[in-house]
Amino acid sequence: MSTDSDRSISTLPDGLWTQPQPTVPDLGAAEPVQRVRMPAAMVYDYSPGRARTRYLRGLEHKKILGERCPSTGEVYVAPTGVAPVSGLLTTEQVEVGPKATITSFCVVHIGFGVNAPPTPFVSALFLPDGAAVSLYGTVGEIDYDKVRIGMRVEPVWVDDDELTTSSENIRYWRPIDEPDVPAEQLKGHM
Amino acid sequence: MNDAQGGAELLHAPLVIEYGFMRTTGPVIGAFLTGLREQRVLGIRGADGRVVCPPAEYDPTTGAPLSDMVEVGAEGTVTSWSWVAEPREDEPLSTPHALALIRLDGADTSMLHVIDVPGPDSVRTGARVRIRWAEEPEGLITDIACFELLEA
Amino acid sequence: MAPARDVAVVATAQTDHRRALPELSEVEMIQPVIRQVLDAVGGIGEIDFTCSGSSDYLAGQAFSFVMTLDAVGAYPPIVESHVEMDGAWALYEAWLKIQAGHADTALVYSYSKASPGDLPKVMSRGLDPYYYGPLWPDSVAMAGLQARAMLDAGTITAEEMAQIAHRNRTAATANPHAQVSGSPSVDELLAAPMFSDPLRRHDLPPISDGGVAVVLAAGDRARAWSDRPAWIRGIDHRIDSHNFGARDLTTAPSIALAAQKAGLAGAAVDIAELHAPFSHQEKIVRTELGLGDGVEVNPSGGALAANPMLAAGLIRIAEVADRISAGTAGRGVAHATGGQLLQQNLVCVLEGE
């Protein structure tokens, strides 16, 4: 078997990587098929489980509900029902926030997806007061180049008649008039 | 603070996962699908001389690269079948039908496809079938709309 | 060839398998099982390597296995891997890791919830995407092709298929985790109408939500954790062609080869747990393994009693290990399968001391 010196994977033994070049009966002047579109869609009936159901029910009432680890006492939000450090089931619901602190952010200049806001926008992680971990969202009502780690924010909710059991209930987070949280206080939460 | 085990009514919602894949065929599958678009069926000669249809790039038994593509017939023999009483969306036939393995004349392996027959009593292993071509071929295995019995 | 290191199953746990567990997310479902085996050995700090098996197609979510790592307690960071295959193959990876000397202990788990999707349709996404995928063949009708081939060849009868279903589901009455247990008589089963001709409903496995976890340990670690470890004497996996039209569907030579490589023939086994989701497939597995009449097959009820995808194979290993550790079996064989129509097969021989 000949060795193709151009191939990018040069460590393969001879014969392992060959492109078959078949002899084909004459099919007329047909344009050969080289690519095929193979769409596949499947419908699931998704259920979020107990803990996420509790969390989403809370959002319907503009409450951010974390869950406490029975071992470490840390409060996780959005909860999954299991405390990720101890591996134990969380058993106690705790309301956190709504005020929060920005623990990290990213200025987005190229948006993608149908729901992306106009660019540039700021996506960020928000540590709700009382929680051990941050929620994801976007920052509004401030120029993108003014956003900083430690900034205090609050959620901006959709109108009451639009509230559902969805994380989309929080349209975005906006700055509030409180002093920044020093970075050292955010250690372990970033 | 609440007891986290307290039961709120469980949420659930439809979730649609859609994969819009565009796949490269490579020369062997590409030639086969090109053939179907022209209402011709190609197989490929295996290392032992057997004709593999639909064609594989590599021998299904030995793994040897294959290259000799040959034309096979549009009629064949049912080698196994089962009955689909309640077809799902996306299947080639919306009416109850047989799923079948069919060895086309000139081939030594079987193709998976469906047979349009009224009921399980109408089909048997060994039955002779022929291709019913799709009205608008696009270079896909579904250019074979289904198979039908040669004689009722 | 004998393995370089003695490795044993020292702890197992499984969920009660159910048609649907909508109240639990995947991590909520598998957490109690992972916790049970970790508690048996002193926690995640005792584990050198973690490997899981699950399927994104079943979950309807990319990288879905990451969510269930929460139940392991994966911080500080652990050494971890995942296979998009039955957990029996996750166990194989963990066993290799231990054989290579990179770990002395391992946590292996697998799980799935088939209930959110339409399983026979989801299964079609695992087939050849050019020739089979666009036809969306449902997995029950696919299994019917294999049963028909066996019936035509005379290697099984409808009566034998019903007897297999009856025997498994009768055995399942002693399995607290079983989803389907107890069975009408063979005559009553045979009087039922066809579901997907030639398959009657009793020939089909249930659709299940559930999971399983096991802990592996080498040498003295195993002896410290278990009074009677279930030693893995041999394990191997092999594959037959995915081109079902080019295969003799009445056989699965990959099973016989895996059994040979795993050293099954070295000594007689008392029990066998076979991962044969459809009744007729048990006959193929049994024949390829060359099991004698004295072997007790599927005392748990097998996959006909509970068939959580991606877990039913690892459950077979756990069931054999449990019986060895309990002292009710001396040597046993577990078989796991992947794909459709017994395409890929793993054989694991376990033994007590």
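A search of the whole structure, a predicted model, finds 0 disulfides over all chains. A disulfide is a covalent bond between the sulfur atoms of two cysteines. In B:C146, the sulfur is 17 Å from the closest cysteine sulfur, that of B:C53. This distance is too far for a bond, because a disulfide needs sulfur atoms within 2.5 Å. B:C146 is also buried, with a relative accessibility of 0%. C:C348 takes part in no disulfide either. For C:C348, the nearest cysteine sulfur belongs to C:C51 and is 15 Å away. C:C348 counts as buried, at 0% relative accessibility.

The overall form of chain C was examined next. Chain C contains 12 helices and 12 strands. Its radius of gyration is 19 Å. A compact globule of 353 residues would have a value near 20 Å, so the two agree. The C-alpha trace of chain C spans about 55 × 45 × 35 Å along its principal axes. Of the 353 residues in chain C, 65% count as buried. Contacts in chain C also reach across the sequence. Among those between residues at least 6 apart, 79% join residues at least 24 apart.

The accessible surface of chain C is about 11700 Å². Carbon and sulfur atoms account for 53% of that surface. Chain C carries 25 positive and 41 negative charges.

Several backbone features were then considered. Most residues other than glycine have a negative phi, and most peptide bonds are trans. In chain A, a cis peptide bond joins A:G97 and A:P98, with omega about 0°. A:P98 sits in the loop between β4 (92-96) and β5 (100-108) of chain A. Another cis peptide bond links A:T119 to A:P120, and here omega is about -5°. A:P120 is placed in the loop between β5 and β6 (121-128) of chain A.

Chain C supplies examples of positive phi. C:W136 is not a glycine, yet its phi is positive, at about 50°. C:W136 lies in the loop between α5 (119-122) and α6 (139-153) of chain C. With a relative accessible area of 7%, C:W136 is buried. C:N298 likewise has a positive phi, near 55°, and is a residue other than glycine. The loop between β10 (296-297) and α12 (312-325) of chain C holds C:N298. C:N298 counts as buried, at 3% relative accessibility.

Conventions: Residues numbered from 1 in each chain as written. Chains lettered and ligands numbered in written order. Predicted model: local features only at pLDDT ≥ 70, side-chain atom pairs only at ≥ 80, totals over all residues. Heavy atoms only, no water. Buried < 20%, exposed > 50% of the residue type's maximum accessible area, 1.4 Å probe, protein only. Helix = DSSP H or I, 4+ residues; strand = E, 2+ residues; numbered from the N terminus. Rg over C-alpha atoms; globule rule 2.2 N^0.38 Å. Contact = heavy atoms within 4.5 Å. Areas by Shrake-Rupley, 256 points an atom, 1.4 Å probe, with all protein chains shown as cover. Lys, Arg positive; Asp, Glu negative; His and termini not counted. Charge placed at Lys NZ, Arg CZ, Asp CG, Glu CD.
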